[in-house]
Amino acid sequence: MTALSTKSEDKKAPVVVSGDEDIPLYEARRQIYPQSVHGRFRTIKWVLLGITLGIYYLLPFVRWDRGPDAPNQAVLIDFPARRFYFFFLEIWPQEFYYVAGLLILAALVLFLMNAVAGRVWCGYLCPQTVWTDLFMAVERLIEGDRRERMIADAGPWTIDKFAHKTLKHSIWLLIAWWTGGAWVLYFADAPTLVVELATFQAPAVAYMSIAVLTFTTYALAGHMREQVCTYMCPWPRIQAALTDEYALNVTYLYDRGEPRGSVKKAAALREKGQPAGDCVDCGQCVAVCPTGVDIRQGMQLPCIQCGLCIDACNTVMHKIGRPGNLITYESEANLEARAAGKPFVQRILRPRTILYGVLIAFVSGLMLTALIGRSTEGVAAIHDRNPLFVRLSSGAIRNAYTIRLINKKLEERTFILSVEGVPDATLEVVGDNADGLTIGPDQTREVRVLVTTGDKLPPSASLPVTFRIRDKASGLSASVTDHFIGP
């Protein structure tokens, strides 16, 4: 066995790492009974829980007037119409780069959060954390706090215990069901779909989606909990590679806390002039941890950096009259500075965070510029492949195209279609007039177009040809380039 002792002047107990035994990649779940706690970080978590769940559950019912014949749901993913509506924005399939930009932006924000304060996302905003917090609040309300739950689970089954368990799981299933129900409301008009679901007239896919999400929410937030954060989620391992010594993490200050002991023992040691730490070894930091971590053993993979151990420790420190923040958000660099007696340095602004900030600003600027310059009309062209060209009896060369015209406005518009780039070219729209192509609001239209030229072309000619549409009313235009093929 190889023993690695990490100690700071004997103020911290050695950590023994076995070199002979295999470290398991998975550990069977042990029941954790988190204790309720009050404090600044717990309050922050309650506020964020209320805000995030309020947005998730209520947003589908928010209305946004887009005019006649347009959906009035503020946020809607409309698969049949192939549109994504977000308040004043309407994203078409060919504008999926906006969604890609949002995903890139979200990743960069996550990296920045990690560089500043470690797994702060996991502790406060991750959906798994939010719903688990809600489920644990229901559990605590029905079955009592940590001690009551432990006694009840250790005891025999009684009518009272069965009733409490049944009520708890029923409420969990209700929350999980409404979670799945809220999700499907983002894909159809929410009030209409609610009525259809209640009267069993909704599409089968809606019921199937709700069933799947009900099961997963109930399983992940009610039963698997910390196992998701430790084994299923890849982010703890990814963020470990992205962090550095200046990132703030929930940390136990060994130089203040060790050697730990009871209040009486510490007082006796101080009277004798011997060192005594502020930690009274009460175990409250472990009791309140939702993942069962003892933060005094250093950074650990299951720790989600939620700060509840800070609230618990500060409560104890206040009661015994000792300074707070024995457990606090601190960087590894400052821990080393404390051990060496050097001044603390808090480096929030450093190359890593500045780079993330610049990238966030850059991507945001690109997306904003694209939105400001976003056109409300578009045109696409597809050249016929068989035949590529036709020689008419007069000797003229004709190419055929399918032109798709796009009207992104919520009003009917009339466009003029013209062709450029081919000498002596004439344009014919089959079955319509190129000077008056009408397109309905928020619609596309395909037309068959023939381009003919009597001009003599060089052998194997391939000339760039441009199709341009112009709105008769506003003069706004759009164009697309293809090729005119010759013999």
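Predicted model: local features only at pLDDT ≥ 70, side-chain atom pairs only at ≥ 80, totals over all residues.

Me: OK, how many helices and strands in the chain?
Reply: 16 helices and 14 strands. Helices (H or I, at least four residues) and strands (E, at least two) are DSSP runs, numbered from the N terminus.

Me: And what's the radius of gyration of the chain?
Reply: 33 Å, whereas a compact globule of 487 residues would be near 23 Å. That's taken over C-alpha atoms, and the globule rule is 2.2 Å times the number of residues to the power 0.38. The C-alpha trace spans about 115 × 60 × 45 Å along its principal axes.

Me: What share of the residues is buried?
Reply: 41% of the 487. Buried means under 20% relative accessible area, exposed is over 50%, and partly exposed is in between (1.4 Å probe, protein chains only).

Me: On to packing. At what angle do helix 2 and helix 16 pack?
Reply: About 160°, with the axes of helix 2 (residues 97-117) and helix 16 (residues 351-372) 9 Å apart. That makes the two roughly antiparallel; the cut-off is over 145 degrees, while under 35 is roughly parallel, 65 to 115 roughly perpendicular and the rest oblique.

Me: Which residues make that contact?
Reply: Among them are L105, L108 and F111 of helix 2, and Y356, L359 and V363 of helix 16. Contact means heavy atoms within 4.5 Å. By class there are 17 nonpolar, 3 polar and 1 charged (Ala, Val, Leu, Ile, Met, Phe, Trp, Tyr, Cys and Pro count as nonpolar, Asp, Glu, Lys and Arg as charged, the others, Gly among them, as polar).

Me: How about helix 1 and helix 4, where do their axes cross?
Reply: Helix 1 (residues 40-58) and helix 4 (residues 127-143) come within 10 Å and cross at roughly 105°, so they're roughly perpendicular. Residues that meet there include W46 and L49 in helix 1 and W131 and L134 in helix 4. That contact has 9 nonpolar, 2 polar and 3 charged residues.

Me: Last one: where does G395 sit?
Reply: In the loop between strand 7 (390-391) and strand 8 (397-407). G395 is partly exposed, at 34% relative accessible area, and its C-alpha is 9.2 Å from that of T453, 58 residues apart along the chain.

Key:
Residues numbered from 1 in each chain as written. Heavy atoms only, no water. Axes fitted to C-alpha atoms, helices over the stretch in contact; angles between N-to-C directions.
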